[in-house]
Amino acid sequence: MKRIHFISGLTITIFIGFHLANHFASIFGAASHIDLMDKLRLIYRNRIVESILLIAVLVQIISGVNLFFSKRKALISYYDTLQIWTGLYLAFFLIIHVGAVLTGRFILDLDTNFYFGVAGLNTFPFNLFFVPYYGLAIISFFGHLAAIHHQKMQKQIVGLTVAQQSNGILFIGIVSTVIILYGLTNGFTGVEIPEEYNILIGKYE
Ligand code: HEM
């Protein structure tokens, strides 16, 4: 089960690397974000690649929740606790996030682009939910990687202990979160959402 979780995790991590790089592009504006997504979609919206990705997400959630219930070991170190909590949050996030994207695309018939992703984030009071919802997702992703790194890494790198390396990964995650949220909110000043996304933010006229 652990091995399956690791392999599906690697598959998803490759996508998330590109996905977060895509969100970084928003610091150069919505058009840059959409431009890059159009290019990346050529790869991940390919029927085979997307099927593999979505199956990996499903396998990741099921195997992760299974590991959580089957292990029930004492959480000895800080990194054990970090791994469990970030993993649980990612399972919760992925179910809602991927469910929302698929609903937007196939039921609401929306282009699930930049504006779909940031509609709630840039509208009060929905932003009260979306800031922690997205923020914790990015931090949890890096936190989960930091915990795995701590488990598997044995060597120092340029004089840094394994714990320092893991803390470095977590720190990169926190900084990345702030930069991405800055980009997705037009430098914290807000993004005007096109009318076709009104349904997402409770406007029906
Ligand atoms: C700032 C945070 C995020 C925003 C605004 C966001 C937004 C989006 C959008 C708009 C899509 C649709 C992409 C498309 O139609 O081409 C998407 C898809 C997806 N996102 Fe995110 N995302 C965020 C963070 C994350 C994180 C942290 C993860 C993983 C832990 C993640 C996993 C996924 C997955 C698996 C898909 C489905 C890809 C597919 O359509 O097959 N996202 N996201």
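Mentor: Helices are DSSP runs of H or I with at least four residues, strands are DSSP runs of E with at least two, and both are numbered from the N terminus. The model is predicted: local features need pLDDT of at least 70, side-chain atom pairs count only at pLDDT 80 or more, and totals for chains, interfaces and linings use all residues. Residue numbers start from 1 along each chain as its sequence is written.

Trainee: How many helices and strands does the protein chain have, and which pattern does it follow along the sequence?

Mentor: The protein chain has zero strands and seven helices. Read along the sequence, the pattern is α-α-α-α-α-α-α.

Trainee: What is the radius of gyration of the protein chain?

Mentor: The radius of gyration is taken over C-alpha atoms, and the globule rule is 2.2 Å times the number of residues to the power 0.38. For 205 residues that rule gives 17 Å, and the value for the protein chain is close to this, so the chain is as compact as a globular protein of that length. The radius of gyration is 18 Å.

Trainee: What box do the C-alpha atoms of the protein chain fill?

Mentor: The box is taken along the principal axes of the protein chain. Its dimensions are roughly 55 × 35 × 30 Å.

Trainee: What percentage of the contacts in the protein chain between residues at least 6 apart in sequence join residues at least 24 apart?

Mentor: Two residues are in contact if their C-beta atoms, placed from the backbone, lie within 7 Å. Among contacts between residues at least 6 apart in sequence, the share joining residues at least 24 apart is 71%.

Trainee: Which helix gives the most residues to the shell around the ligand?

Mentor: A residue is near a molecule if its C-beta atom, placed from the backbone, lies within 6 Å of it. The ligand is surrounded by 25 residues, of which the closest are Val101, Thr112, Gly117, Tyr134 and Ala137. Two or more residues come from each of H1 (2–24), H2 (30–44), H3 (47–71), H4 (78–106), H5 (114–118), H6 (127–152) and H7 (162–184). With five residues, the helix that gives the most is H4.

Trainee: Is Thr177 buried or exposed?

Mentor: With C-beta atoms placed from the backbone, a residue is buried if 20 or more other C-beta atoms lie within 10 Å of its own, exposed if 12 or fewer, and partly exposed in between. Thr177 is in helix H7, and beyond its neighbours within four places in sequence it is in contact with Gly135, Ile138 and Ile139. Because 21 other C-beta atoms lie within 10 Å, Thr177 is buried.

Trainee: What distance separates the C-alpha atoms of Thr177 and Ala137?

Mentor: Thr177 and Ala137 are 40 residues apart in sequence. In space, C-alpha to C-alpha, they are separated by 8.9 Å.

Trainee: What distance does H4 reach from its first C-alpha to its last?

Mentor: The expected span of a helix is 1.5 Å times one less than its number of residues. H4 has 29 residues, for which 42 Å is expected, and its reach is close to that. From first C-alpha to last, H4 reaches 41 Å.

Trainee: Which residue does a cis peptide bond join to Phe124?

Mentor: Most peptide bonds are trans. Here omega is about 5 degrees, and the bond is cis.

Trainee: What is the phi of Val158?

Mentor: Most residues other than glycine have a negative phi. Val158, in the loop between H6 and H7, has a positive value. Val158 is exposed, because 5 other C-beta atoms lie within 10 Å. Its phi is near 35 degrees.
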